[in-house]
Amino acid sequence: MPCALVALAVLHLTRSDTGRPSARPEAAEPTAAPGATESPRSPDGDARPLAGTVVVLDPGHHPANREHPEAISRQVDVGTHRKECDTTGTATESGRAEAEFTLDLARRVRERLEERGARVVLTQDGDRGDGRGGGPERARPYGPCIDERARIGNEEGADAVVSLHADGSGPTHRGFHVILPAAVHEGGADTRAITGPSRALGTRLVEHFARATGTSPATYLGPRTAESGLDVRDDLGGLNLSAVPKVFLECGNMRNEQDAALLTDDAWRDRAARGITEGLAEFLTADRA
């Protein structure tokens, strides 16, 4: 059987009677024959199917945030209220930081998307070197603040923005989930135009992330999230201030021993990056078909 057909047979997603994704772990990615090169192709044969698209990846928090507590605790306007510029994020019991995880994952996704022709912007790349230029705010070795993270996606005119995170819930809680923007129209926030496309993006990410990683949606946020992998919130400045399709992806719970083992595993991160890339690619090409 040709390698491509084998890969497709492995990459199938099973569903329970309730329709909840209950993916099986994928096999390792197919290895190309010696000397061969692999170029992702769209159904019409385009080797760069995402050419002309712009994706902003927002690695949650920043590895240096904990060194600047006063700066990241200052209040900023998030449209409907004011809240902290940013936080340090969570960590595993062994001390592996969420900020390290999100940055590493964002870099892996960026590489895959760029191979497919997308222009990818990171809101921060560890040293705030996002390649966008700008004034002293972007030169700060922490952050950016949540209002600036949203602004970057808007200024870039992004076709999609994914904010990458890992949760810090109770130690018995497991699973991933995607957070969608609620329909908010208050103060400087107006998400009414992006709730639909953001849901379409989130739905695709749930399916492909589950398929690639073999993990299931979080059960600790209630039956709707356990069923769909989706949660809707109106209190996140990064979503409230977005004018382009945007979601948060909580890749797992760092405070859970089993999830932490996955989140800190190099091979699992590669599978997660593949799932995120596939979800984004399907969303970005849906209206091109």
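Reader: Is P171 buried or exposed?
Author: P171 is exposed, because its relative accessible area is 57%. Exposed means over 50% relative accessible area, buried under 20% and partly exposed in between, with a 1.4 Å probe and protein chains only.

Reader: What kind of model is this?
Author: This is a predicted model, where local features need pLDDT of at least 70, side-chain atom pairs count only at pLDDT 80 or more, and totals for chains, interfaces and linings use all residues. Residues are numbered from 1 along each chain as its sequence is written, and side-chain values use heavy atoms, with hydrogens and water left out.

Reader: OK, back to P171. Where is P171?
Author: P171 sits in the loop between β5 and β6 (177-181). Strands are DSSP runs of E with at least two residues, helices are runs of H or I with at least four, and both are numbered from the N terminus.

Reader: What is P171 in contact with?
Author: Leaving aside neighbours within four places in sequence, P171 is in contact with R255 and N256. Contact means heavy atoms within 4.5 Å.

Reader: New topic. How many disulfides are there?
Author: The count is 1 disulfide, a disulfide being a pair of cysteine sulfur atoms within 2.5 Å. It joins C85 to C145, with 2.0 Å from S to S.

Reader: Where are C85 and C145 in the chain?
Author: They are 60 residues apart, in distant parts of the chain. C85 is in the loop between β3 (82-84) and α3 (98-115), and C145 is in the loop between β4 (119-122) and α4 (146-156).

Reader: Is C85 buried or exposed?
Author: C85 is buried, because its relative accessible area is 0%. C145 also counts as buried, at 3%.

Reader: And H165, which strand is that in?
Author: H165 lies in strand β5 (residues 160-167). H165 counts as buried because its relative accessibility is 9%.

Reader: What does H165 contact, leaving aside its neighbours within four places in sequence?
Author: The list for H165 includes G60, H61, E98, F248 and C251. C251 is itself buried, at 4% relative accessible area.

Reader: Which polar contact does the side chain of H165 make?
Author: The side chain of H165 makes one with the side chain of S163, at 3.0 Å. A polar contact is a pair of N or O atoms within 3.5 Å; within protein, one must be able to donate a hydrogen and the other to accept it, and residues adjacent in sequence count only if both atoms are side-chain atoms.
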